[in-house]
Amino acid sequence: MIRNRAVLFAFSLIVGGVFVWAAVLKIRDPLAFAQNIANYRIVCNLIAFWIGLLLPWLELAAGVFLIVGLWRRTSALLLSTMLAGFIVLVAVTMVRGIDVDCGCFGSLSGKANLGLIIQDAVLLFMSLTVFLSKADPIRLIGKKS
Amino acid sequence: MDLKKTGKELAAIVLIAFVPAVLLNLGLIRRQLRGDFDESLLLPAGTPGVAFIGLAEAGDLFQSGAAFFVDSRPLDEYAEGHVPGAASVPLKEASENTALATPEALDVVPNRTLIVYCNGGDCRTSVLLTRILREAGFSDIKIFLGGWAEWRAAGFPAEVGSDKE
């Protein structure tokens, strides 16, 4: 397990930064993101609407907390759960043969494909490392746990 | 791992995230409760001249020749296979030059029934192109939600290549 505080901080910065960036792009146009979710054809428009409205804000909050170091492990756990969910969702979509934009980064989104799964897996490794590590990374605010 | 502490922190993060999400989107939530997004999240309910159709209706309109098909996908995807007789109007190009989506450009009368489709998974492309087509003067537009993926899977007729290449 990685114990180097600088590496753990870098992981937090990368994962948190990606989520904050992705969230800001989606918060600007919640309906477009909701449509992206509906395009996966797993949930109805009503559920897609609420996910489109709420999920980006959850990504933003967890991303910011991970970067600043407040509630770090809980934020890392939350983001890890999201990433695991995204990986399963994209894999299921590929198996079903649906060609769809991932919706991850608003209008800058790419296709939901193997490349996206690999990208999410790398982020999942980083966030799980932060969550599982006993070492306390460099933090910007909050007391040492 | 302290589950109680984690639970409390998780609840706090969710609360901090959801309060602004709801407060800043009250207008959208009201529209959702009115049923504005039951059919499409990008076109309000009851948008004049726009309807959503499935494979059966699209197939019937193709067989009867009662509608003109518009393919909203990029030209390379259109060239790989499309509904026979469909016009290629890629959303990206039409967004930059709306003249490509006018009745004159498509050589179709404005009151002709159009069926807009995309690859099927990403119907947003069709919905956004529909906005442009409406503004260009078309009054009867149907969006085929299943799109090319469903058309092809059903074994319906297909055409390959493009005149524009």
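**Helix packing and the interface**

Modeller: Helix H2 (residues 30-39) of chain A packs against helix H3 (residues 45-68) of chain A at an angle of about 125°, and their axes are 8 Å apart. That angle makes H2(A) oblique to H3(A). Keep in mind that this is a predicted model.

Colleague: Which hand is the crossing of H2(A) and H3(A), left or right?

Modeller: The crossing of those two is right-handed.

Colleague: OK, and which residues make the contact?

Modeller: From H2(A) you have Pro30(A), Leu31(A), Phe33(A), Ala34(A), Ile37(A) and Ala38(A). H3(A) brings in Asn45(A), Ala48(A), Phe49(A), Ile51(A), Gly52(A), Leu53(A), Leu55(A) and Pro56(A).

Colleague: How does the contact of H2(A) with H3(A) split by class?

Modeller: Twelve of its residues are nonpolar and two are polar, with no charged ones.

Colleague: Let's move to H1(A). At what angle does it pack with H3(A)?

Modeller: Helix H1 (residues 5-27) of chain A meets H3(A) at about 155°, with the axes 8 Å apart. Anything over 145 degrees counts as roughly antiparallel, so that's what H1(A) and H3(A) are to each other. H1(A) passes H3(A) in a left-handed crossing.

Colleague: And how many charged residues are in the contact of H1(A) with H3(A)?

Modeller: Two, alongside 15 nonpolar and four polar residues.

Colleague: What about H1(A) and H5(A), what's the angle there?

Modeller: H1(A) and helix H5 (residues 114-132) of chain A pack at about 130°, and their axes are 9 Å apart. H1(A) and H5(A) are therefore oblique to each other. Here H1(A) passes H5(A) in a left-handed crossing.

Colleague: Which residues meet in H1(A) and H5(A)?

Modeller: On the H1(A) side they are Leu8(A), Phe11(A), Ser12(A), Ile14(A), Val15(A) and Val18(A). They meet Leu123(A), Phe125(A), Met126(A), Ser127(A), Thr129(A) and Val130(A) in H5(A). By class, the contact of H1(A) with H5(A) has nine nonpolar, three polar and no charged residues.

Colleague: Changing topic: how many residues of chain B are in contact with chain A?

Modeller: 31 residues of chain B, touching 33 residues of chain A.

Colleague: What area is buried between chain B and chain A?

Modeller: About 2,900 Å², and carbon and sulfur atoms give 70% of that.

Colleague: How many salt bridges across that interface?

Modeller: The rule finds zero between chain B and chain A.

Definitions and conventions: Residues numbered from 1 in each chain as written. Chains lettered and ligands numbered in written order. Predicted model: local features only at pLDDT ≥ 70, side-chain atom pairs only at ≥ 80, totals over all residues. Heavy atoms only, no water. Axes fitted to C-alpha atoms, helices over the stretch in contact; angles between N-to-C directions. Helix = DSSP H or I, 4+ residues; strand = E, 2+ residues; numbered from the N terminus. Parallel < 35°, antiparallel > 145°, perpendicular 65-115°, else oblique. Left-handed = near helix turned anticlockwise from the far one by under 90°. Contact = heavy atoms within 4.5 Å. Nonpolar A, V, L, I, M, F, W, Y, C, P; charged D, E, K, R; others polar. Buried area = accessible area lost by both parts, 1.4 Å probe. Salt bridge = Lys/Arg side-chain N within 4 Å of Asp/Glu carboxyl O.
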